[in-house]
Structures are given as C-alpha cells and as structure tokens.
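Take a walk through this model, one site at a time. Keep the coordinates open as you read.

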Amino acid sequence: MPLQRLVMLIFFLQPIAFGAWLPRIPDIQAKLELGTADLAVALLGLPIGTLITLPFAGRLVSRIGGRMAIIYGFIFFLAVVSLPAFAPSAMLLFFALIVVGVALSTVELGMNVEADVTEKATGLIIMSRCHGFWSFGIMAGSLIGVGAIAIGLSPHWSILITAIVILPAALIASLRLPKLPESHHAENSQAMTGFKLPSLALLGICAFVFGVTMTEGAIADWSAVYLRDVMNAEGAQTGLGYSVFAFMVAAGRFSGDYMKGRFGAVAIARGCGIASLAGMLVVLLAPATPLALLGFAAVGVGVSVGFPLAVTAVASLPDRPPASSVATLSFAALTGFLIGPPIIGFLGELLGLRAGLAVLLVPLFVSLLCTRLLIPTQKDMAGDLVEREAV
C-alpha cells in the first residue's frame with residue numbers, strides 16, 4: 001500500500017471506537033440520572049485532559065516522531081476509550097473522560113505530524129483527504145453505536161468490543177509506516193517547540209476555524225440528546241443525527257480539493273459558511289426529526305472543509321514556520337471542538353437545549369466574517385496543481 005494511503009487508513013481507524021461512544025451519551029446520561037448541566041460538567045473532562053496534555057504531547061511527538069506516537073498512542077487510546085461507559089457516577093465519568101482526552105491528544109497529534117511528514121516525503125498534499133477518512137471513521141463508529149442501540153447491547157460492551165476489534169488492524173497499519181528521515185522530525189520539533197506571538201492574520205484564521213470546530217464538537221456530543229429530548233426521537237433514531245452529519249462532513253472533504261481548485265478557497269468557505277448557518281436554523285426550527293436530520297446534513301456540508309482550508313491558509317503566512325502556524329491552528333481547532341459541548345450543556349440547563357444549540361449561530365457567523373482571510377498564495381496554488389496532476 002502506498003504511504004499516503006496507509007496514513008489515510010490510520011486516520012480512518014483511529015476515531016471508530018470514539019464514534020461508537022457518541023450515540024450512547026444519552027444512555028449514559030439516563031443510567032447515571034444526570035441533568036443537562038451535570039452531563040455538561042462531566043463532558044468537561046475530555047477537553048481538560050486534552051488541553052493539559054497538548055504541550056507535553058507536542059514535545060513527546062517532536063522527539064519520537066509521528067510513527068512511534070501513533071503506535072503507542074493507539075494502544076493507550078483504545079485501552080481507555082471505553083472507560084467512560086463503565087463509570088458508575090458523574091465524578092468518575094469526568095475523570096474517565098480526562099484519561100480519554102490525554103490519550104486522544106497524543107494519538108491525533110502523532111497522526112497529523114505523520115501526515116505532514118508524509119506530504120514532505122512524497123510531495124503530495126493529502127491532509128484534506130486524511131481528515132475526510134477521519135470523518136468516515138467517526139461516522140462508521142457512530143453507526144456501530146446506533147446498531148448496538150438497535151440490538152440492545154449495553155454502551156460499555158459495545159464500545160469495548162469495538163476497541164478490541166480495531167486494535168489489531170490499527171497496530172498492523174501503524175507498524176507498516178516506514179521510518180522517515182529524522183530531518184523531517186527535527187523540522188517539526190523546531191516548529192512546535194518554538195514560541196512566537198501569533199499575527200493578526202493567524203488569530204483571524206484561528207477564529208474562523210474555532211467556530212467551525214465548536215459546531216463539530218457540539219453536534220458530536222449533543223445531537224443524539226437533542227433528537228431524543230427536543231424532537232422526541234426514540235431508539236436508534238437518536239444516533240442518526242450525528243451519522244448524517246459525519247457522512248456529509250466526509251463527503252465535503254473528499255470533494256473539497258476539486259471545489260477549491262474550481263472556485264477558490266474564499267468562495268468555497270463563504271458558501272459553506274452560509275450552508276452551516278442555514279442548516280443550524282433548520283435544526284433549531286424543525287418541527288420533526290426528518291427535517292432536523294436534513295439540517296444536520298447541511299451543517300455537515302458547511303463545516304466540512306473549514307479546517308483543511310485553514311491549514312493551507314496559515315501554512316502560507318510568511319511570519320513564522322508553517323508547522324508552527326499549523327500547531328497554533330490545531331490548538332484553536334481542538335479548543336473549539338472540546339469547549340463547545342460543555343457551554344451548550346450549561347445553557348441548555350438554563351434555557352433548554354434548543355436555546356443552547358442556538359448559541360452556535362454566533363461563532364458560525366464570526367467564521368463567515370473571517371473567510372476573507374483564506375486567500376491562497378502562489379505557493380499554495382502550485383501545491384494544488386501538483387496534487388491535481390498526481391490524482
């Protein structure tokens with residue numbers, strides 16, 4: 001298997017077990033008898049674990065390289081990903097999610113570093129497609145979760161079995177990654193460990209991607225609860241919202257490179273921004289589940305290419321090394337992804353979950369305003385040409 005395809009396979013395998021957790025959040029909430037605010041506090045464990053680990057994980061990954069971080073990260077992550085489903089109380093759920101956050105930050109950072117190193121080694125741009133495969137992986141996991149609901153399999157066993165099945169395939173794929181020249185790791189190490197105040201352009205692009213990933217995280221954690229509590233969906237229907245959303249995210253990412261080459265980054269970002277705002281309004285105003293699912297699909301299209309477009313934009317900024325800018329962007333993106341669900345949970349407890357999700361309209365509108373910053377340089381356009389010729 002070509003190196004770039006191997007990396008894409010790893011991106012696909014990594015989120016499957018975590019995706020199987022997402023449709024089971026309402027079941028965990030019901031089992032532990034948690035209110036919306038209590039669940040929001042428990043869900044804070046994941047962002048806390050991730051954010052406190054990122055600085056250390058960055059140094060570790062830059063020292064050992066993406067390949068070794070992926071191998072050890074997969075073992076750690078798949079060993080702990082089912083722990084939240086076994087938690088007997090809200091406090092233990094919180095701490096279990098901290099552990100999952102620690103593991104998640106390590107393996108995902110290793111994957112992104114390896115994708116960047118692979119681009120340098122092969123001369124092919126693959127980041128967008130890698131994240132497309134990641135979206136397919138989390139969609140596959142969410143469908144596994146939906147299937148487990150349909151057959152009455154408990155959350156802890158369904159997630160644990162998924163992780164056990166994925167582990168051998170993940171290790172085989174990871175061990176087949178070649179040991180790339182250390183110069184690539186050294187370059188990434190210098191970029192990630194150095195510090196420089198971000199420019200206004202970088203901050204603006206980070207604001208753009210923050211709104212996009214905040215929406216992704218919110219829908220990941222709350223779509224099933226929203227369909228159950230607001231739309232009165234039952235059984236496996238509650239998990240379909242995220243499955244539809246993830247499928248459209250993946251579809252958008254796989255077509256994103258072609259659409260960008262045809263219409264330009266700014267036009268695509270603006271079109272997607274409008275789609276995400278319109279889709280969120282449909283979700284909020286939908287009188288029934290089918291229309292809400294249509295809204296989730298539109299939001300999925302809207303947020304699909306935000307992060308890949310932002311990576312290209314920050315990598316072309318002239319005031320700092322590309323890898324350093326991408327690391328800063330990744331921190332902003334991950335912060336948005338993980339901080340959105342708790343905020344919506346607190347607001348949902350006070351005002352109702354429909355009003356809680358309505359807060360996403362604000363960051364999505366800010367993202368739309370920041371799309372003008374996604375202007376590619378001549379270097380980016382040349383890279384796109386190389387990729388199209390390779391494809």
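Ile-151 sits in helix α8, which covers residues 127-151. The model is a predicted one. Ile-151 has a relative accessible area of 68%, so this residue is exposed. Gly-235 lies 84 residues away in sequence, yet the C-alpha atoms of Ile-151 and Gly-235 are 9.9 Å apart in space.

Now turn to helix α16, residues 322-351, which holds Thr-335. Thr-335 is buried because its relative accessible area, 17%, falls under 20%. Beyond its neighbours within four places in sequence, Thr-335 contacts Leu-51 and Phe-210.

Next comes the surface. Leu-60, Ile-64, Tyr-72 and Ile-75 make a nonpolar patch of about 360 Å². Ile-75 belongs to helix α5, residues 45-80. Its relative accessibility is 40%, so Ile-75 counts as partly exposed.

Charged pairs are the last stop. Side chains of opposite charge can pair when their charged atoms come close. The structure holds 3 salt bridges.

One joins Glu-216 and Arg-253, with the closest N and O atoms 3.7 Å apart. This pair links distant parts of the chain: Glu-216 is in helix α11 (residues 200-229) and Arg-253 in helix α12 (residues 240-263), 37 residues apart. Both Glu-216 and Arg-253 are buried.

Another joins Arg-24 and Asp-27, at 2.8 Å between the closest N and O atoms. Arg-24 is buried at 3% relative accessible area, whereas Asp-27 is partly exposed at 30%.

Arg-228 also bridges to Asp-229, where the closest N and O atoms are 2.7 Å apart. Arg-228 is partly exposed at 25%. Asp-229 is partly exposed at 42%.

Note on methods: Residues are numbered from 1 along each chain as its sequence is written. This is a predicted model: local features need pLDDT of at least 70, side-chain atom pairs count only at pLDDT 80 or more; totals for chains, interfaces and linings use all residues. Side-chain values use heavy atoms; hydrogens and water are left out. Helices (H or I, at least four residues) and strands (E, at least two) are DSSP runs, numbered from the N terminus. Buried means under 20% relative accessible area, exposed over 50%, partly exposed in between (1.4 Å probe, protein chains only). Contact means heavy atoms within 4.5 Å. Patches are made of residues with over 30% relative accessible area and no salt bridge: like charges are joined within 9 Å, nonpolar side chains (Val, Leu, Ile, Met, Phe, Trp, Tyr) within 5 Å. Accessible areas come from the Shrake-Rupley method with a 1.4 Å probe; for residues, only the protein chains shown count as cover. A salt bridge is a side-chain nitrogen of Lys or Arg within 4 Å of a carboxyl oxygen of Asp or Glu.
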